[in-house]
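The structure is shown first.

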Amino acid sequence: PYGDLTAEMVLAKSSNIGTYKVARPLNRDLFHHYIDQFGFGRKTGIELTAESAGRNQEVSEWSSSSFSSKTMGYEIAVTPLQMISALGVIASGGGYQPPTILKAVETPGGAPLRKADRPAIKRVISQRAANNVRRAMKKTMLEGGTGTKGVIPGYDLAGKTGTCRKHVEGVGYVKGRYVVSFMGFFPADNPQIMGLVVIDDPRAKGINLYGGTVAAPIFAEMGKEAVKLLGIEPDNPEEYQQFLTEANRINPVGLPNEQGSFETVTD
């Protein structure tokens, strides 16, 4: 229905047909190899209990339609932690590093003993390939893309929406029930923070239940607070200042500044 699309716009518009056409030349075995290299189907090793490995079938177990289904995100089960870790491959320029919740080891008095030992980064794709995906994810946030409701004023974002039918054990994919999501990182060309919002079985009146309509706005609201708490400089200061000014008209009691205290923003 979109007509001809570039590979970038296939991702920006989240076209299932286009996604399969892009992936098809890889063949099944190579596609499965990349699924594994991005961390799906195995535990990340994070220091938390009860982590799931998800589900990534061997190629020998695929049906005749599995390849096309998997390129769109079906016939595979992943965790939010696996998704955000895979996103890190794009944000970092092609390398995968397992996640950790450990920043450092300290004495009871707070004196540092050592920093956490981070596993070595494993290259998954070339920096050129990662940059190509990053560029397409930036277009997702522009007019014509599916992620426009996830925009944070003043910041360049790289994002991706997700919408799939909900899978119920013993039933399959259920019509009318969904899992929707939005993930992204910013600033797009110098990533400081990544985020992922997943809504399981959303309910809403008057809007279509897509990742771009349900999850993306939540990401934007969280991002607006995160940039202030972490002091992340905007890519477009004038646009960000205009946003703060408009927000102050609605909320005149003030907004938290980068140090966490409150100040009143005026024209």
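H5 lies across E6 and E7, and its direction makes about 145° with that of E7. Axes here are lines fitted to C-alpha atoms, for helices over the stretch in contact, and angles run from 0 to 180 degrees between N-to-C directions. Helices (H or I, at least four residues) and strands (E, at least two) are DSSP runs, numbered from the N terminus. The model is predicted: local features need pLDDT of at least 70, side-chain atom pairs count only at pLDDT 80 or more, and totals for chains, interfaces and linings use all residues. Residues are numbered from 1 along each chain as its sequence is written, and side-chain values use heavy atoms, with hydrogens and water left out.

Helix H7 (residues 211-230) also packs on the sheet, where it touches E5, E6 and E7. The direction of H7 makes about 25° with that of E6. Contact means heavy atoms within 4.5 Å.

The sheet itself is open and has three strands in the order E5-E6-E7, with antiparallel pairing. Its edge strands, E5 (158-168) and E7 (193-200), each pair on one side only. Averaged over the sheet and with direction ignored, neighbouring strands are turned by 20° against each other. Two strands count as paired if DSSP finds at least two bridges between them; E6 and E7 have eight, in the antiparallel sense. A hairpin of six residues joins E6 to E7. Two of the residue pairs facing each other across these strands are tabulated below.

| Residue | Opposite residue in E7 |
|---|---|
| Phe182 | Val197 |

H5 has 12 residues and spans 16 Å from its first C-alpha to its last, close to the expected 16 Å. That expected span is 1.5 Å times one less than the number of residues. Nine of the 12 residues of H5 are buried, so the helix is largely enclosed by the rest of the structure. Buried means under 20% relative accessible area, exposed over 50%, and partly exposed in between (1.4 Å probe, protein chains only). Among the buried residues are Gln82, Ser85 and Gly88. The buried residues of H5 pack against strand E1 (95-96), H6, E6 and E7. Just after H5, Gly93 has a positive phi of about 95°.

H5 and H6 pack at about 105°, with their axes 8 Å apart. The two helices are therefore roughly perpendicular, a term that covers angles of 65 to 115 degrees. H5 contributes Leu87, Val89, Ile90 and Ala91 to this contact, and H6 contributes Ala130, Val133, Arg134 and Met137.

A nonpolar core is a set of buried Ala, Val, Leu, Ile, Met, Phe, Trp, Tyr and Cys residues joined through side-chain atoms within 4.5 Å. In the largest such core, which has 24 residues, Phe38, Ile125 and Phe185 touch the most other members. Helix H3 (27-37), helix H5 (80-91), helix H6 (127-140) and strand E6 (172-186) each give two or more residues to this core. H5 gives the most, with six residues. A second, separate core has 16 residues, including Ile152, Leu157, Ile232 and Tyr240.

Not counting residues up to four places away in sequence, the contacts of Phe185 include Leu87, Ile90 and Ala91, as well as Arg134, Met137 and Met194.

Key. Parallel < 35°, antiparallel > 145°, perpendicular 65-115°, else oblique.
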